[in-house]
Amino acid sequence: MFVGTRINPTRRIVSLWFPRLSTERVLRLRPQTGPFALTLKESNANRIYCLNAEAEQSGLHRGMPFSDARAFCAGLNSQVVDLAADQRFLLVLRRWATRYCPWVGLEGRDGLTLDITGSAHLFGGEVALIADIQRHLARAGISVAIGVAATRGAAWAVAHYAVNPAPVDDAQAALAPLPVAALRLENKTVVALQRLGLRHIGDLIQAARAPLMRRFGPDLLMRLDQALGTQPEEITPLAEPPHYAVRITLPDPIGLAEDVMAGTARLLDQLCRKLVSNGVGARVLQLTLRRVDREAQQVELRLARALHDPARILPLFERAVQGVDAGFGIDQLRLEASRVEQVVQEQISHVAHSKQDRLDDLITRIGARIGLENIQRFLPADSHIPERSFLIAPAAFSTPDGAWGAPPLSRPLQLFPPEGIAGHQPQPPTRFRWRRMGLTVGRAIGPERIAPEWWLEDENWRSGLRDYWRIETREGRRLWLFYTPQAPAWFVHGEFA
């Protein structure tokens with residue numbers, strides 16, 4: 001029988017603050033020397049969002065108007081901040097931080113919170129863990145301020161406002177000399193407290209709680225209690241995004257296309273079950289075939305529609321698998337859905353595959369040969385200008401729209417840039433020459449007057465109004481002509497079927 005002591009670890013929170021996260025992300029990709037800042041437009045004013053150490057030494061600070069910053073520092077280099085890229089970079093850091101503990105959450109736009117309770121001893125204690133974090137981040141060129149305490153609020157306050165951040169055991173003693181802004185309060189609350197003479201957290205601790213509650217509401221005391229540990233505050237770690245990949249290792253190598261398709265079918269069943277459980281469908285699938293000589297061949301399948309039906313996906317792999325060079329045999333298959341999309345739930349039909357399903361599969365097969373982007377469809381656009389009455393979009397990334405407007409006169413099947421013909425009278429010419437052909441007008445229907453869209457700049461409509469005519473010639477050509485009354489001339493703009 002083994003007798004030991006019962007371990008009851010005290011909760012320990014680490015707050016990582018990256019004060020120059022945005023600028024250091026940019027400078028990692030494009031290094032440069034001298035003052036550098038990123039700007040952000042807020043309330044119709046361009047302000048400094050983040051800056052490097054050289055810019056701070058020049059007297060610049062966050063929130064400063066950019067025009068004032070240029071006046072203070074003539075050699076300032078700047079660019080507009082990319083908040084989405086900063087968020088992606090912070091997520092990368094969050095994933096890296098899970099090496100220290102599984103509970104890692106985001107703290108605003110430039111911080112992380114780690115719950116290292118019970119895991120610090122794996123790195124030799126808190127001091128060694130903090131040193132390891134600093135060493136790795138310094139090697140990556142990322143500045144960090146670290147606070148360690150028993151509560152999330154105290155760790156955040158130490159990281160952001162302590163002069164010499166160090167692990168905190170007594171939260172009240174460590175927080176007392178810090179400014180009230182360290183409690184993560186709104187700016188208006190901080191200003192109001194300072195006007196009352198309550199400048200430090202120690203002043204709030206000693207003040208009567210009832211007057212503070214009546215004047216500032218419950219948020220102020222809640223933040224104070226969370227920092228001191230009398231009110232709990234949880235850390236919500238981000239869930240890892242689902243990874244849609246499966247693989248199978250074969251005991252004996254295979255080389256026949258039928259065997260590869262059979263293995264792919266097994267992988268598809270597993271992968272599609274995971275896709276269905278998350279309500280998504282695969283849009284791009286990557287099949288990796290590893291040969292016994294450790295070389296690998298990849299087969300990419302780009303679907304015209306997000307699918308999670310293995311019976312529909314498997315036949316689409318067949319043509320690509322036929323062209324695989326198995327070498328001395330394939331011993332591992334890996335299937336990954338590298339791109340997924342939400343799938344709208346549909347009513348189950350008695351028909352095995354609808355007309356739209358068959359069309360999507362056909363687009364996928366043709367797209368595998370010529371590219372999905374090269375299969376296009378016409379979509380209606382809200383404009384009475386003939387050239388702007390339609391859009392051309394990839395069929396795989398758009399849905400058909402039947403809401404085509406009915407123009408006064410039917411539009412031609414083919415439109416081309418206007419081609420001038422002889423004539424200056426408002427009525428269509430009885431005979432004209434077009435594309436080296438002499439044509440005689442048999443019937444003319446019109447005119448249909450179309451005015452230019454004055455709010456758009458278009459070089460082709462500088463001649464002003466157009467009077468369109470539908471012309472049927474004795475030679476069998478059915479053309480769409482227009483006359484410009486403000487600059488008399490005739491043009492051929494299209495041809496009917």
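**Strands, helices and rings**

Me: Happy to have it open. Over how many bridges do β16 and β17 pair?
Reply: Keep in mind that this is a predicted model. Strand β16 covers residues 437–450 and strand β17 residues 466–473, and the two pair in the antiparallel sense. The number of bridges between β16 and β17 is seven.

Me: Which strands are the edge strands of the open sheet of six?
Reply: The order in this sheet is β14-β19-β18-β17-β16-β15, with antiparallel pairing. An edge strand here pairs on one side only. Neighbouring strands are turned by 40° against each other on average, direction ignored. The edges are β14 (414–421) and β15 (431–434).

Me: Now the rings. Is the pair of Tyr468 and Phe482 stacked, edge-to-face or tilted?
Reply: A search of the whole structure finds nine aromatic pairs. In the pair of Tyr468 and Phe482 the centres lie 5.1 Å apart, with 45° between the planes. Stacked needs planes under 30 degrees apart and edge-to-face over 60. The pair of Tyr468 and Phe482 is therefore tilted.

Me: Are Tyr468 and Phe482 buried or exposed?
Reply: Tyr468 sits in strand β17 and Phe482 in strand β18 (residues 478–483), 14 residues apart. Together with Trp480 and Phe491 they form one aromatic cluster. The relative accessibility of Tyr468 is 0% and that of Phe482 is 1%. Buried means under 20%, so Tyr468 and Phe482 both count as buried.

Me: Which residue of β7 is the bridge partner of Ile13?
Reply: Strand β1 (residues 13–17) and β7 run antiparallel and are joined by five bridges. Trp17 stands opposite Ala145 in β7. For Ile13, the bridge partner in β7 is Ala149.

Me: How many residues of β7 are buried?
Reply: In a regular strand the side chains alternate between the two faces of the sheet. On one side of β7, Ala145, Gly147 and Ala149 are buried, and on the other Ile146 and Val148 are buried too. Of the five residues of β7 (residues 145–149), the number buried is five.

Me: At what angle do α12 and α13 pack?
Reply: Helix α12 spans residues 257–277 and helix α13 residues 310–322, with their axes 10 Å apart. α12 passes α13 in a right-handed crossing. The contact includes Val260, Met261 and Leu268 of α12 and Ile313, Leu314 and Phe317 of α13, and its residues divide into eleven nonpolar, two polar and two charged. The packing angle of α12 and α13 is about 145°.

Me: Last one: which residue with positive phi follows α11?
Reply: Helix α11 (residues 218–228) has buried residues including Leu220, Leu221 and Leu224. The buried residues of α11 pack against α6, α7, α8, α9 and α10. After α11 the phi is positive, near 95°, and the residue is Gly229.

How values were computed
Residues are numbered from 1 along each chain as its sequence is written. This is a predicted model: local features need pLDDT of at least 70, side-chain atom pairs count only at pLDDT 80 or more; totals for chains, interfaces and linings use all residues. Side-chain values use heavy atoms; hydrogens and water are left out. Two strands pair if DSSP finds at least two bridges between them. Helices (H or I, at least four residues) and strands (E, at least two) are DSSP runs, numbered from the N terminus. Axes are lines fitted to C-alpha atoms, for helices over the stretch in contact, and angles run from 0 to 180 degrees between N-to-C directions. Buried means under 20% relative accessible area, exposed over 50%, partly exposed in between (1.4 Å probe, protein chains only). A crossing is left-handed if the near helix is turned anticlockwise from the far one by less than a right angle, and right-handed if clockwise. Contact means heavy atoms within 4.5 Å. Ala, Val, Leu, Ile, Met, Phe, Trp, Tyr, Cys and Pro count as nonpolar, Asp, Glu, Lys and Arg as charged, and the others, Gly among them, as polar. Rings of Phe, Tyr and Trp (its six-membered ring) pair if their centres lie within 6.5 Å; planes under 30 degrees apart count as stacked, over 60 as edge-to-face and the rest as tilted.
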